[in-house]
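I opened the notebook on a new model today. The plan is to go from the overall fold to a few local details.

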Amino acid sequence: MIARIWRAAATRDKAALYQHHFATRVVPHLQAIDGFAGASLLRRDVEGGAEVLALTLWQDLDSIRAFTGPDPGKAIVDPDAQAMLTSFDATAANYEVVVEAGPDIGSAADQIERST
């Protein structure tokens, strides 16, 4: 599993618009891609605006390439989204998920033992 992280900033009003854009346009697009495994949009208000962090989950880098094209580190930010943001990263970071925790996942320690 790969976690993909991308960051942006907006005014507070535009951050609310971006949240709607993410939920109604980005997520449905991602759901149509084989290997997409989930998405979350995180927000924190800061002085002068808001920061957003998009976290998407993918089966593997090939799944991400189905979204980005040949460069899995490239951020995909459509013009409508760009108009809502005061700044955004041109790249996204892709991390291998090595430990997961949750009520139905099992022991995090067992995951470490299996991966080493």
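Which pattern does the protein follow, read along the sequence? I read it as β-α-β-β-α-α-β-β-α.

**Ground rules.** This is a predicted model: local features need pLDDT of at least 70, side-chain atom pairs count only at pLDDT 80 or more, and totals for chains, interfaces and linings use all residues. Residues are numbered from 1 along each chain as its sequence is written, and side-chain values use heavy atoms, with hydrogens and water left out.

**Overall.** I counted four helices and five strands in the protein. Both come from DSSP runs, numbered from the N terminus: helices are H or I with at least four residues, strands are E with at least two. I then looked up burial. Buried means under 20% relative accessible area, exposed over 50%, and partly exposed in between (1.4 Å probe, protein chains only). Of the 116 residues in the protein, 32% are buried. The protein exposes about 7200 Å², and carbon and sulfur atoms supply 52% of that area. These areas come from the Shrake-Rupley method with a 1.4 Å probe; for residues, only the protein chains shown count as cover.

Next I checked contacts, meaning heavy atoms within 4.5 Å. Among contacts with a separation of 6 or more, residues 24 or more positions apart account for 65%.

**Strand S1.** I went to S1, residues 2-10. Seven of its nine residues are buried, so I noted the strand as mostly covered. Which strands does S1 pair with? I took pairing to require at least two bridges found by DSSP between two strands. S1 and S3 are antiparallel over nine bridges. In that pairing, Ile 5 stands opposite Leu 55. S1 and S5 also run antiparallel, joined by four bridges. Here Ala 3 faces Tyr 95 as its opposite residue. Two bridges join S1 to S4 (residues 87-88), again antiparallel. Ala 8 stands opposite Phe 88 there.

**Aromatic pairs.** I searched the whole structure and found four aromatic pairs. The rule: rings of Phe, Tyr and Trp (its six-membered ring) pair if their centres lie within 6.5 Å; planes under 30 degrees apart count as stacked, over 60 as edge-to-face and the rest as tilted. Trp 6 and Tyr 18 form a tilted pair, 6.2 Å centre to centre with 45° between the planes. Trp 6 is in S1 and Tyr 18 in helix H1, so the pair ties together parts that are twelve residues apart in sequence. Trp 6 is buried at 8% relative accessible area. Tyr 18 is buried at 4%. Ring pairs also bring in Phe 22, which joins Trp 6 and Tyr 18 in a cluster.

I then looked at Phe 36 and Trp 58. Their ring centres are 5.3 Å apart and their planes at 70°, so this pair is edge-to-face. It links distant parts of the chain: Phe 36 is in strand S2 (residues 36-46), Trp 58 is in S3, and they are 22 residues apart. Phe 36 has a relative accessible area of 17% and is buried. Trp 58 is buried too, at 0%.

**Helix H2.** Which residues of H2 (residues 61-68) are buried? I listed Ser 63, Ile 64, Phe 67 and Thr 68. Why do they sit on the same side of H2? They cover an arc of only 130° around the axis, taken from the directions from the helix axis to the C-beta atoms. The face turned away from this buried side carries the exposed residues Asp 62 and Ala 66. The buried residues of H2 pack against S1, H1 (12-31), S3 (49-58) and S5 (93-96).

I checked both ends of H2. At the start, a side-chain oxygen of Asp 60 reaches to within 3.2 Å of the backbone nitrogen of Asp 62. I count that as a polar contact: a pair of N or O atoms within 3.5 Å, where within protein one must be able to donate a hydrogen and the other to accept it, and residues adjacent in sequence count only if both atoms are side-chain atoms. Just after H2, Gly 69 takes a positive phi of about 90°.

**Thr 68.** My last stop was Thr 68, which lies in H2. It counts as buried at 9% relative accessibility. A polar atom of the Thr 68 side chain lies 3.0 Å from the backbone oxygen of Asp 71. Leaving out residues up to four places away in sequence, Thr 68 touches Arg 4, Lys 74 and Ile 76.
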